[in-house]
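Good morning, colleagues. Please have the sequence and the coordinates open, as I shall refer to them throughout.

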Amino acid sequence: MSGEVFRMPFPDEVAPVEVVPYRAGWATGFTRLAVELGGALGPLALAVDHVGSTSVPGLAAKDCVDLQIRVAGPPQPATLVPPLAALGYRLRPEPWNRSETANGTVCPKLVFAPPVGAAVRRNVHVRAHGGPNARFALLFRDFLRADAEARDAWGAFKTRLSMSVSDLADYGQIKAPATVVLMRAAERWAATTGWRES
């Protein structure tokens, strides 16, 4: 693939950032997709989680379901791309979709875009089971599910941000430091409640 230029997002996904009120259909969409992905990956998928803002009832979000697939050890393209490509999923090639930092640790990951023309917008994140980045996604979800004040404040922040920033990359860069602050509160909540990822 040398010399090929990649853009984020894929051309068929280009759309302005729009944060919408919570939709119950996100949960049902996740359930259907989880069955499909779990069936395609079989024992490779140790868990399929609904993560991100659409996984939190009552939270405003972009209309794009985030799924996390936890696998044993660092995710390997050689074993994961063929079964997901058979369903139409496309491996995102950007460096920032191949690793991320969680709690100071650089963690490998893979991210797949949905099939072209998919009825449900979604991103599939593949992370190592027990890795700091998989824990981060689960803690984000569980904290916002448990704390209505934090959920509503996060939703209001994202809604206001989306009204002034229409570019997805800019939106993500502005949101990143706010996420750090949110996750500090989430870690305090986890320590106080004895939360553990499941």
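I shall begin with the overall fold, then turn to the helix packing, and end with individual residues.

Let me say at the outset that this is a predicted model. The protein chain contains five helices and eight strands. In sequence order, these elements follow the pattern β-α-β-β-β-α-β-β-β-β-α-α-α. The radius of gyration is 16 Å, close to the 16 Å that the globule rule gives for 198 residues, so the chain is as compact as a globular protein of that length. Along the principal axes, the C-alpha trace spans about 45 × 35 × 35 Å. Of the 198 residues, 44% count as buried. As to contact order, consider the contacts with a separation of 6 or more: 69% of them join residues 24 or more positions apart.

I now come to the helix pairs. Two packed helices are described by the angle between their axes and by the distance between those axes.

The pair I take up now is helix 1, residues 25-41, with helix 2, residues 77-85. Their axes come within 9 Å and cross at roughly 125 degrees. The two helices are therefore oblique to each other, and the crossing is right-handed. On the side of helix 1, the contact involves Leu37, Ala40 and Leu41; on the side of helix 2, it involves Leu80, Pro83 and Leu84.

Next, helix 4, residues 148-164, and helix 5, residues 168-193. Here the axes come within 11 Å, and the crossing angle is roughly 165 degrees. That angle makes helix 4 roughly antiparallel to helix 5, because angles over 145 degrees are counted in that class. The handedness of this crossing is right-handed. Helix 4 contributes Trp154, Phe157, Lys158, Leu161 and Ser162 to the contact, while helix 5 contributes Tyr171, Ile174, Lys175, Ala178, Thr179 and Leu182. By class, the residues of this contact comprise seven nonpolar, two polar and two charged.

Helix 5 also packs on helix 3, residues 132-146, at an angle of about 75 degrees and with the axes 9 Å apart. This makes helix 3 roughly perpendicular to helix 5. From helix 3, the residues in contact are Arg135, Phe136, Leu139, Phe140, Asp142, Phe143, Leu144 and Ala146. From helix 5, they are Thr179, Leu182, Met183, Ala185, Ala186, Glu187, Trp189 and Ala190. Twelve of these residues are nonpolar, one is polar and three are charged. Thr179 and Leu182 of helix 5 take part in the contact with helix 4 and also in the contact with helix 3.

Leaving out residues up to four places away in sequence, phenylalanine 112 touches Leu80, Val81, Leu84, Tyr89, Arg90, Leu91, Arg92, Arg122, Asn123, Val124 and Val126. Two of the residues named there, Leu80 and Leu84, are in helix 2 and also meet helix 1. Asparagine 123 is eleven residues from phenylalanine 112 along the chain, and their C-alpha atoms are separated by 5.9 Å.

Phenylalanine 10 is found in the segment before strand 1. With a relative accessibility of 14%, phenylalanine 10 counts as buried. Apart from neighbours within four places in sequence, its contacts are Arg90, Leu91, Arg92, Pro93 and Ala113.

Valine 35, by contrast, is a residue of helix 1 and counts as exposed, at 61% relative accessibility. Its C-alpha atom is 31 Å from that of leucine 182, a residue 147 positions away in sequence.

Finally, I draw attention to asparagine 103, in the loop between strand 6, residues 99-102, and strand 7, residues 105-113. Asparagine 103 has a positive phi of about 50 degrees although it is not a glycine. At 54% relative accessibility, asparagine 103 counts as exposed.

That concludes the presentation.

How values were computed. Residues numbered from 1 in each chain as written. Predicted model: local features only at pLDDT ≥ 70, side-chain atom pairs only at ≥ 80, totals over all residues. Heavy atoms only, no water. Axes fitted to C-alpha atoms, helices over the stretch in contact; angles between N-to-C directions. Helix = DSSP H or I, 4+ residues; strand = E, 2+ residues; numbered from the N terminus. Parallel < 35°, antiparallel > 145°, perpendicular 65-115°, else oblique. Left-handed = near helix turned anticlockwise from the far one by under 90°. Contact = heavy atoms within 4.5 Å. Nonpolar A, V, L, I, M, F, W, Y, C, P; charged D, E, K, R; others polar. Rg over C-alpha atoms; globule rule 2.2 N^0.38 Å. Buried < 20%, exposed > 50% of the residue type's maximum accessible area, 1.4 Å probe, protein only.
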